[in-house]
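Here is a short briefing to read alongside the coordinates. Take a look at the model, and then we can walk through its packing, its rings and its chain contacts together.

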Amino acid sequence: MGFTRRDLLKFTGGSAAGLAFTPVPWRLLRDSALVSENWPGVPQPAQGEIRTRYTTCTLCPAACGVRARCVGDQPVSLAGVPGHPASHAALCTVGLVGHHLPFCGGRATRALANGRAVAIEQVLARVSAAIAQCGPDESVAILDARPGRAASQVYRRFLAGLDNGIYCAPPEAQPYGPFGIDLENTRAILSFGVPVLDGWLSPGRVLANRSHFQLIQVEADYSRTASLADLWVPVAAGDAAFAAAVAHALRGSGEDAHAADVARILGANQPAIAIGGGAGNLNAILDSVGRPGGFLRRRDYAPATDLAAVPDHSIQVLLAEESALPWSLLERKLATRNAVVVALTPWLDGYARHADYVIPAPLYLESLDEVATPAGSTAAGFSLSPALVAAPVGVMAPADFILRLAHDATSYADVLKQRVAALKKDGRGTVFTYSDAKSTRVQDIASTSDLWKTLLGGAAWVDDPVPQVSTGFPIPAAETGDPPLHSSPLMSKLERESGLRPARRYAI
Amino acid sequence: MDSHLMPRGVRRCPLAQFLLWILPWCALLAFGLYGAGLCLVKGLNQTNMDNRFAFGLWIFLDLTAIALGAGAFFTGFLLYILKKSELKAVINSAVVIGFICYSGAVAALLVDVGQPLRFWFTFWHPNVHSMLTEITFCITCYLTVLCIEYVPIVLKNRKLRQIPSFLVFEFELHKSMPVLAGVGTFLSFFHQGSLGGLYGVLRGRPFAFREGFAIWPSTFFLFLLSAAAAGPAFILLTTWVVSKISGKQLVRAAVLPLLGRISGVLLIPYVLLKSVDTLVWIDRTAPARGFAAHQFFIWKPFGAWMLFAEILLFGLLPALILLRRHLRQSTGWLVSAAVLVCLGVTLNRFVLTLQTLSLPTLPFDAFLTYMPSWQETATFLAVVAYGVLIYSFSFRYLTLFPEEKDLPQPVRSHETERVVMEPVC
Amino acid sequence: MSATQTKPARYGMAIDLDRCTGCGACMIGCAVENNVPPARPEATPRTGITWMRVYQISNGAPFPDRRAAFIPILCQQCGNETPCAAVCPQEAVEVDPATGIVDQMPQRCLGCRYCMAACPYHARYFNWWDPQWPPGMERTLNPDVATRMRGVVEKCNFCHGRLHAARTHAATEGRRDLLPGEYVPACAEACPAEAIVFGDLNDAASEVAKLARDGHSFRILERLGTDSKIYYRTARAWVRAAAEEPAARKENDRG
């Protein structure tokens, strides 16, 4: 008899039964676990030497110290620097993911002229020509996102060499002019719309002192700061009538119940300060200028022109850094015909959408940068922000662009070295090194190159205090006109200039 | 055309009509497999389950299917252990239904888990404390038992029994039926109970948590009792439905009322124990964990009416109907009561799966809602279609109702094909 | 374990709700440390992964007396009959007796999600999608934490990778015990308000143990008897009332 169908079935059945007694099916089963544990498509972290490197955050004027944990040269997490004079050991929610910014898409990587890629030299040539053609009533303006830096000096020098140069900066960048706030000794803050707990100064410093002061929040919206304040007065922040009512109440008169509450709290918790555009002359009444717990003057302040003060339609050439202000404000000031706008920005969103020329700038952590005095600091300050990752090819720092425009052969790095040399020469102040939390007097640092090396390794220079005079009020922060996108100024700025959007808040 | 495959002595509709019947179910199966395939390939984001509704439609339907499929083990227990010989009329159908319910549930579970390749981890690293380990083992074993019980039904097919080795195999298997029934009952006892224990042990969900006896919460016993009560009712219902669709008399007049009475007899202690359990829970268990019971019922539409509906409308009412002989004799009352029982079991499983997850536990949480996605619904419909197809083929080619050939059947004009008698060789 | 083994630790936290401003830095620090993938565009708050999640509560008062408080919720590391560990059919949840940390093994998880139903704090999160990062961002992954795959559950493990790193570092210095502050999870490190204090609850001298003992501290859902290791602190009575125990709710409080 030949091989029948029945034999085949018997053979198959027998083999199947026998196979169960061999290791084969069990090994295959176990191997399936390896497949599921090494699921295709899921990236594995790169291994490498773990290093700690230091830099300073440039995303907002708070100038927080940054400790980066790096695998090889790539930062994998950022943290604050314990003991940092301006920021304490904290970073904000955006600062904690600064190292993710290069991967967010929407980067400007090539110089653009009307949307088409060109060489930077071409842009330089065309912008120079535009500047040369400016008439007596046509100004050239630079909008400096972060005034007070060595780069800011570069911008001012360039504009000083022109007939009609205007140097502008957003008021929020130096909200109190030459003054800082002695937050450590303040006992009450009357805030007119300032997001004290949600993006004011450095979060580490504010929150370290939170238990020392009473917070009165005057604003129409139930913002995060309002919801956490000791007293929330639901009045529009710019309401001059209310500020006047508070002034009356502080002097002992007036009938407004809210104002009376405010005055009571301010009276019981001294020293007190008033901040925000609506503060008016309250700080004079509170006598908070030049006193501990109030506004203290510092050195090294040079005022900028407030954009609101520039006549409409008078700017012929505008070079704007990042997206420091809402576009609608800038648009009003541009000349109606042939205005030239150059956006010096890392992003394709924001100003780049409106600009004639785009110069791709490096992002935070990509190139050697600097930070000026931290917002609200009572002493002048300076830090370097060393690069931790490689910048994309083709980017140019805004300061380098302006130097080229000025036909200056110096590089931005040289400018920074000059700044450090000047610090050493002045011999004032102390340097706080991030790695060991020690402070050294500048006089005790041997040479300029030592100071440079120290700052490059992550450090903050802090000036000595200056004698105070009890006159004058701080310049109040001007209302920008547009309602902020978010109470956090940094989030507003990021949303303006990039494609990043914060997640909507949900109940669950 | 295929009459030589059909059981002797019964009439079935023409092949063309049968194909017309199964075609839409095949289409539904294909559509459902597509939905399930999407879930397997793209991941469970294809469903509307989320971190709050970790269990959704599938788990709810799995629990319901297994409770209704309990008729398989319970009928076997009554027939082979308690010797209630009238149930021979429906035991085959019950086994097929059980097989469908359990295999469908297992298939749905394989789609439900995030990593189906790791299904064997429970056997390799079992957790003796977990109800789900117990369920996994028991259901796997019981499905094996059901397959073994299904095999003789298949082997008794007119064509297959012509193969001598199959005949002998089937005969030997039949001798061990009582043992298999006993094993099945034992396994079923545990997994039906453990399915109740699944929620009863959740100390973090005071809505579902119950105290009990040793390691078993009261829901262990309540689920078991409700499954035992619902099983016969579901067998009753399906027999009636199949009888109506096929237009045949499938069982003697006494069988369905018997099933109804068994259901009714089991429902009474169930309703009693459930009521006691609910009162204990309202009075002691939930408040001891910081949750006043009334808080659970303030959310529309899950008000207290659901509790009353489950126990009274779908529990006590059908029990009272089924215990009255003259109502049992009336098909209308009998079937309606059976429907109520099955709905009651379904509602009970719903309350403990989906309502539990919708209720807030954290003090600052909210009440949440969930609606299954089309992929989830399609997968469920695939299981239904699969069940209908298996049953349809079994009904056509296998003897699911041994009494059918002895009962007078209404004559249908299209079934005038003669069944050719073949000699047994 | 040798006879000279130090006594077991019970790592826990004291979170000051009066300092928390709801900024979410703890959520971000946690996500960065633990290689949590960015949410897909189609993700919702109920399908996104946030091992640490900040909730907002209010005093319920009408405008303008309404005030908010923020509550960071993470795995409470339950010590008594840990609900999730008891129910996992594969024993993919391990309670470490030496530290009290409830550890999740995503490599063993089947994805049945029973543990998610069991957790009353909703501290467990499922990978509904394959984890995916924007191109290049995978370079920023933390090498001390394994990435997960779709279909498995993950949750806070008190930054176990940092514990291992601290123990290794201590071992290289010849120490068996960890110094205070040597092992700190990412959330505690990130909090700008220093609201999260972490340490060994078994060490009576530690700051966290002292804070846990004082009258302002409470645990959430205490009466469930989970023996959570996260203590929340507040001096405000309304915050404690709203956070501690389930209270009478309003029917329209829906999510």
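A residue counts as buried when its relative accessible area is under 20%, with a 1.4 Å probe and protein chains only. By that definition, both Y102(B) and Y142(B) are buried. Please keep in mind that this is a predicted model.

**Aromatic pairs**
- A search of the whole structure turns up 46 aromatic pairs over all chains.
- In one of them, the ring centres of Y102(B) and Y142(B) are 4.9 Å apart and the planes meet at 70°, so this pair is edge-to-face.
- The pair links distant parts of the chain, since Y102(B) belongs to helix α4 (residues 88–112) of chain B and Y142(B) to helix α6 (residues 131–155) of chain B, 40 residues apart.
- Chain B also has a cluster joined by ring pairs, with F186(B), F189(B), F190(B), F213(B), W216(B), F220(B) and F221(B) as its members.

**Charges over rings**
- F395(B) has the charged end of R12(B) over its ring, 3.9 Å from the ring centre.
- In chain C, the charged end of R113(C) sits over the ring of F126(C), at 5.1 Å from the centre.

**Nonpolar cores**
- The largest nonpolar core holds 127 residues, and the members that touch the most others in it are Y199(B), Y391(B) and Y114(C).
- Leaving aside residues up to four places away in sequence, Y199(B) touches F55(B), I59(B), L63(B), A208(B), F209(B), L352(B), T353(B) and, from chain C, Y114(C).

**Where chain B meets chain C**
- Contacts between these chains involve 60 residues of chain B and 60 residues of chain C.
- About 5200 Å² is buried between chain B and chain C, and carbon and sulfur atoms give 54% of that area.
- On the chain B side, N51(B), R203(B) and F364(B) supply 16% of the area buried against chain C, more than any other three residues.
- Three salt bridges are counted between chain B and chain C.
- R203(B) also forms a salt bridge with E81(C), where the closest N and O atoms are 3.9 Å apart.

**Chain A at a glance**
- Chain A contains 14 helices and 21 strands.
- Along the principal axes, its C-alpha atoms fill a box of roughly 120 × 60 × 55 Å.
- Of the 508 residues in chain A, 52% are buried.
- For contacts in chain A between residues at least 6 apart in sequence, 64% join residues at least 24 apart.

Terms used. Residues are numbered from 1 along each chain as its sequence is written. Chains are lettered from A and ligands numbered from 1 in the order in which they are written. This is a predicted model: local features need pLDDT of at least 70, side-chain atom pairs count only at pLDDT 80 or more; totals for chains, interfaces and linings use all residues. Side-chain values use heavy atoms; hydrogens and water are left out. A nonpolar core is a set of buried Ala, Val, Leu, Ile, Met, Phe, Trp, Tyr and Cys residues joined through side-chain atoms within 4.5 Å. Buried means under 20% relative accessible area, exposed over 50%, partly exposed in between (1.4 Å probe, protein chains only). Contact means heavy atoms within 4.5 Å. Rings of Phe, Tyr and Trp (its six-membered ring) pair if their centres lie within 6.5 Å; planes under 30 degrees apart count as stacked, over 60 as edge-to-face and the rest as tilted. Helices (H or I, at least four residues) and strands (E, at least two) are DSSP runs, numbered from the N terminus. A charge sits over a ring if NZ of Lys or CZ of Arg is within 6 Å of the ring centre and within 35 degrees of the ring normal. Buried area is the accessible area (1.4 Å probe) that two parts lose on being put together, summed over both. A salt bridge is a side-chain nitrogen of Lys or Arg within 4 Å of a carboxyl oxygen of Asp or Glu.
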